[in-house]
Amino acid sequence: PTTEFTLSDGRKLPAIGLGTWQSPKGEVAKAVEHALKNGYKHIDCAWAYGNEAEVGEGIKKAGLPRDQFWITSKLFELHHHPEHVSLAIKDTLKNLGLEYLDLYLLHWNINWQVDAPEGVLPTREHTVKSEKSGKVLLDVELSDDIMPTWREMEKLVDQGLVKSIGVSNLNIHRVKKLLKEARIKPVTNQVELSIQCPQFELVDWLHKQNIQPQGYSPLGGAGGSALRENPEIKKIADKHNVGVTTIMLSWLVKRGINPLPKSCTPERIDQNLKIIDLTDDEFEAVNKIARSVPHKRVCDQSHDFEPYYDIYQENDPEYN
Ligand code: A2P
């Protein structure tokens, strides 16, 4: 099976990465250390997960030479304002104890309204909330046009603080808009991808643009256990003498996707790195399951903001 994907800028992305969203502070350092000491070359993190410093602790304890591993982090939607981007990357690099990131992603295509003193990196305490609904208010202009933010991210590449830049949670319509104006093209788009959220159309389109799809919640998240009991997938897993989760991850890699399974359990971390080659028939069988099961998302934050913003493909009125 594929062990790495070549990005449009020529850099090699390790095919499996350890996810750290919802990894508790007290466990994530050990999980990261274990992963890096046992063959993982890619850790996916984000400022928003609130555990970057602990991820950094794990990286340090693993003690690998810097060019032997790949670290992705993300610019949070509190920090899209052009003057906040350089503050945000500095904070992330400090948290992680690194001099550069391999990949920096624009985390969401929405931007929260913030009210913070000049020169201060906004936190959730600086968000502006609607008096009526209590929801976080969006900065509509920056949410609509990510170019001012993207230009700042391009500068980070020029400065050597990040090697590559990409996006996350963007639908086709929004990536298209970005491609028209970007000086540096996004190398990846990280979105939710699993059997219950297969996003066939988006993934095909990204491949055609030479943008590497990355998949979070590839096992259906913490609540994905029903999917893990699917008898048809179980049959394929038994044939290969592996767990159902291995089939889920192997199917994603065969689709040309970089999955980012989250775990804080050493045995599962090890297990998730072992991808197998599915036969064409097995691959088609899983495709069929993904087309027929009810689709849902682990991460649905489309209704948490005012004004309401359609951040998903299927809801975007401008799509196509
Ligand atoms: P834990 O972290 O306790 O090991 P996803 O990557 O889709 O978000 O899924 C993460 C969830 O799946 C977590 O609850 C994680 O639990 C669990 N998980 C991760 N790897 C495996 C595995 N190989 N087998 C079963 N459950 C797993």
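Me: Which residues of the largest nonpolar core touch the most other members?

Reply: This is a predicted model, and its largest nonpolar core has 75 residues. Val-32, Ala-35, Ile-43, Leu-75, Tyr-104 and Met-153 are the ones that touch the most other members.

Me: Take Met-153, then. Which residues is Met-153 in contact with?

Reply: Setting aside neighbours within four places in sequence, Met-153 is in contact with Leu-75, Val-85, Tyr-104, Leu-106 and Ile-165. As general background, nonpolar side chains tend to be buried together in soluble globular proteins.

Me: Let's talk strands. What is the order of the strands in the open sheet?

Reply: The open sheet has eight strands in the order β3-β4-β5-β6-β8-β9-β10-β11, and the pairing is parallel. β3 (18–19) and β11 are the edge strands, and each of them pairs on one side only.

Me: And β5, why is it described as largely enclosed?

Reply: Strand β5 covers residues 70–75, and six of its six residues are buried, so β5 is largely enclosed by the rest of the structure.

Me: How many bridges join β4 to β5?

Reply: Three bridges do, and the two strands run parallel, with β4 made of residues 42–44.

Me: Is β6 mostly covered or mostly open?

Reply: Mostly covered: six of its six residues are buried. β6 also pairs with β8 in the parallel sense, over five bridges. In that pairing, Leu-106 stands opposite Val-167 in β8.

Me: Changing topic to helices: why does α9 count as largely enclosed?

Reply: Helix α9 runs over residues 244–254, and nine of its eleven residues are buried, so α9 is largely enclosed by the rest of the structure. The buried ones are Thr-245, Thr-246, Ile-247, Met-248, Leu-249, Ser-250, Trp-251, Leu-252 and Val-253.

Me: What do the buried residues of α9 pack against?

Reply: They pack against β10, α8 (231–240), β11 (258–260), α10 and α11 (280–292). After α9 comes Gly-256, which has a positive phi near 80°.

Me: Where is Asn-169, and is it buried or exposed?

Reply: Asn-169 sits in the loop between β8 and α6 (172–181). Asn-169 has 22 C-beta neighbours inside 10 Å, so it counts as buried.

Me: And Asn-210, buried or exposed?

Reply: Asn-210 counts as exposed because it has 12 C-beta neighbours inside 10 Å. Its place is in the loop between α7 (200–208) and β10 (212–216).

Me: Which residues does Leu-161 touch?

Reply: Leaving out residues up to four places away in sequence, Leu-161 touches Ile-89, Leu-93, Tyr-100 and Leu-156. By contrast, the C-alpha atoms of Leu-161 and Ala-285 are separated by 43 Å, and these two residues are 124 apart along the chain.

Me: Last one, the ligand. Which residues come nearest to it?

Reply: There are 18 residues around the ligand, and Leu-219, Ala-222, Ser-263, Thr-265 and Arg-268 come nearest.

Me: What classes of residue make up that shell, and which helix gives the largest share?

Reply: The shell has five nonpolar, eleven polar and two charged residues. Helix α10 (residues 266–273) gives the largest share, with three residues.

Definitions and conventions
Residues numbered from 1 in each chain as written. Predicted model: local features only at pLDDT ≥ 70, side-chain atom pairs only at ≥ 80, totals over all residues. Near = placed C-beta within 6 Å. Helix = DSSP H or I, 4+ residues; strand = E, 2+ residues; numbered from the N terminus. Nonpolar A, V, L, I, M, F, W, Y, C, P; charged D, E, K, R; others polar. Buried ≥ 20, exposed ≤ 12 C-beta atoms within 10 Å, placed from the backbone. Pairing = 2+ DSSP bridges. Contact = placed C-beta atoms within 7 Å. Core = buried A, V, L, I, M, F, W, Y, C linked by C-beta atoms within 7 Å.
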